[in-house]
Amino acid sequence: MNTRIKSAAAVLSLTALAWALPQAAANAQVVKIDGSSTVFPITEGIAEDFQKAKKNAIKVTVGISGTGGGFKKFCRGETDISNASRPILKKEMDDCKAAGIEYFELPVAFDALTVVTNPKNSFLKQMTVEELKKVWEPAAQGKITRWNQVNPAWPDAPIKLFGAGSDSGTFDYFTEAINGKSKASRGDYTASEDDNVLVQGVSQDVNAIGYFGYAYYAENQARLKAVAVADKGGKAAVLPSEKTVLDGSYQPLSRPIFIYVSAKALAKPEVREFVEYYLKETPRIAKEVKYVPLPAKAYTINLEHLAKGKKGTVFGGEAEVGVTIDALLAREAKL
């Protein structure tokens, strides 16, 4: 297992180690980060390397409360940086504005949101967007409970559902892309903002299906099987991969992922140093944890936005599916 995606035991062992650090390290400057579990592997990997490079003179804490949970903390001024697997929404923008929190929106990589089944599932190799909607739309709750109800060629067996929790940006993106409206979903499924919980659930039930960020599938391919997805319009089913994300053929579940940096926090030398290190090291770490790095110019533009004080979001508080990185970089950010 890639050490970038930690088990609870590993996190506990690190916590125990922290108690043993000398007092000087305990008094280190701290960069506080929370939010998306999808972005977590990148941020955690960079945080580990940064702390080693600084010999723990600067400490970086990284929590996983989901994109929505992370923005709640961020807009209360409790964190310096927020990991996000979808753009900031209008209500969150309003909450930040009310609290005087201005921010920089920095795309850091592309993710292929991945639909997975148990590897012992012998009948399901691909699904259309329409079939996924039939499984996950609000009207399916309590009604679509067996596989042959979705497709009569599939067996008369129970569907066991595992998916992102309502505070997750993955939940927002998946429901927008598949069901046509953000947060519109059936509620009778096992939900979690921690993708490791979902991996565990799908890997233990032959009738299970779930969805989460590609990195968690890539790290667990012996326990999971990816499902090829066919976009609307009769298009061919495509499996998620770096190639299909880059060539734009894996739709509609390819998406940019972000960090949001508080403008006030960026004035602190330790935060600015970490963010600049982050943008320099993301291409390497993103590939290491199985995400797709952005073109090199994207990271340069991010640094220019920081230098020029281009604060705000280019999305206007609305969810958006299928956006390309070139389109993102051409837009002007607004608070």
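**Figure 1. Cavities of the predicted model.** Three cavities of 30 Å³ or more turn up in a search of the whole structure. The model is predicted. The largest cavity holds about 120 Å³ of space. For the second largest cavity, the value is about 60 Å³.

**Figure 2. Lining of the largest cavity.** 15 residues line this cavity. Nearest its centre lie E105, P107, H305, V314 and L328. Strand β4 gives the most, with four residues. By class, the lining of the largest cavity has nine nonpolar, three polar and three charged residues.

**Figure 3. Lining of the second largest cavity.** R86, P87 and L89 are among the lining residues. D172, Y173 and E176 also line this cavity, as do A319 and E320. The lining of the second largest cavity divides into four nonpolar and four charged residues, with no polar ones.

**Figure 4. The largest nonpolar core.** This core has 101 residues. Which of them touch the most other members? They are I42, L253, F274 and V275. Helix α13 (residues 269–288) supplies the largest share of the core, eight residues. Nonpolar side chains tend to be buried together in soluble globular proteins.

**Figure 5. Contacts of F274.** F274 is one of the core residues that touch the most other members. Leaving out residues up to four places away in sequence, F274 touches V31, I33, I46, A47, F50, V60 and I81.

Methods. Residues are numbered from 1 along each chain as its sequence is written. This is a predicted model: local features need pLDDT of at least 70, side-chain atom pairs count only at pLDDT 80 or more; totals for chains, interfaces and linings use all residues. Side-chain values use heavy atoms; hydrogens and water are left out. On a 1 Å grid over the protein atoms alone, a cavity is a set of points where a 1.4 Å probe fits but cannot get out, and a pocket is an open set with protein on both sides within 12 Å along at least five of seven lines; lining residues have an atom within 4 Å of a point. Grid points are joined across faces, edges and corners, and a volume is the space filled by probe spheres set on the points. Helices (H or I, at least four residues) and strands (E, at least two) are DSSP runs, numbered from the N terminus. Ala, Val, Leu, Ile, Met, Phe, Trp, Tyr, Cys and Pro count as nonpolar, Asp, Glu, Lys and Arg as charged, and the others, Gly among them, as polar. A nonpolar core is a set of buried Ala, Val, Leu, Ile, Met, Phe, Trp, Tyr and Cys residues joined through side-chain atoms within 4.5 Å. Buried means under 20% relative accessible area, exposed over 50%, partly exposed in between (1.4 Å probe, protein chains only). Contact means heavy atoms within 4.5 Å.
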